Amino acid sequence: MKNYSNKLYNQKIANLEQLDNYTKNLVDNIKLGDILLLMGPLGAGKTTFVKYLAKNLGIKDIIISPTFTIARNYKMPSGNSNDKYFIHIDAYRLGLFNNYSNNKKDYQKSIYDSLELLDIPSNYKNSIIVIEWGEIVKEYLTNFLADNNIIYVNINRTRGSQADETRTITINKRLAE
Ligand SMILES: Nc1ncnc2c1ncn2[C@@H]1O[C@H](COP(=O)(O)OP(=O)(O)OP(=O)(O)O)[C@@H](O)[C@H]1O
Ligand SMILES: [Mg+2]
């Protein structure tokens, strides 16, 4: 992966202070129009990552997990009159349809329909969008948004003792075509 320093590309995060530093560094390496797809198992630390990212983007609002609302928008501080948004999406519930249908086509359609309501194509250019359970929406995004940067963020708890809170964050970028 070309665009990130090793410090961001693959990093062990031992505690929240290190997560704060990591996301501070990441803020300097993302821009409006970027979409971050967060991937990692239940409780990996996706929402916590979003909270620190938002803090380091200068957002003062309290970030609430959008599991039930699917998406929440926050205004980012902007130097000029143009509004900039931070959009936090949790795709978890979109993926639940899978439990009711084994038909892959129906499943994809339900995800596409839900995402269409969020109207990402007309909103992403003046936003930074972060999506928990990014793997669920990956196909939709890569089909419909060929001209943006999608950044894949993998978060995993490092194998260790129960008390060990260490996470490993890996970032990959799909460059705009
Ligand atoms: N880097 C970290 N260091 C220490 N604790 C962390 C870290 N990241 C997350 N945690 C803790 O792990 C727990 C789960 O985190 P979080 O809710 O962010 O996970 P999640 O991946 O969003 O979960 P879900 O799959 O339910 O959406 C929280 O108690 C949080 O404080
Ligand atoms: Mg979460």
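Author: Let us begin with one pair of residues: Ile87 stands opposite Ile129 in β5. This is a predicted model, in which local features need pLDDT of at least 70, side-chain atom pairs count only at pLDDT 80 or more, and totals for chains, interfaces and linings use all residues. Residues are numbered from 1 along each chain as its sequence is written, while chains are lettered from A and ligands numbered from 1 in the order in which they are written.

Reader: In which sense do β4 and β5 pair?

Author: Strands of a sheet pair through backbone hydrogen bonds, either parallel or antiparallel. Here β4 (residues 84–90) and β5 (residues 127–132) pair in the parallel sense over six bridges. Strands are DSSP runs of E with at least two residues, helices are runs of H or I with at least four, and both are numbered from the N terminus; two strands pair if DSSP finds at least two bridges between them.

Reader: In what order do the seven strands form the open sheet?

Author: The order is β1-β7-β6-β2-β5-β4-β3, with mixed pairing. At the edges are β1 (10–13) and β3 (71–76), each of which pairs on one side only.

Reader: Which residues are closest to ligand 1?

Author: A residue is near a molecule if its C-beta atom, placed from the backbone, lies within 6 Å of it. Ligand 1 is surrounded by 15 residues, the closest being Gly45, Lys46, Thr47, Thr48 and Glu165. Two or more residues come from each of α2 (16–27) and α3 (46–56), and α3 gives the most, with three residues.
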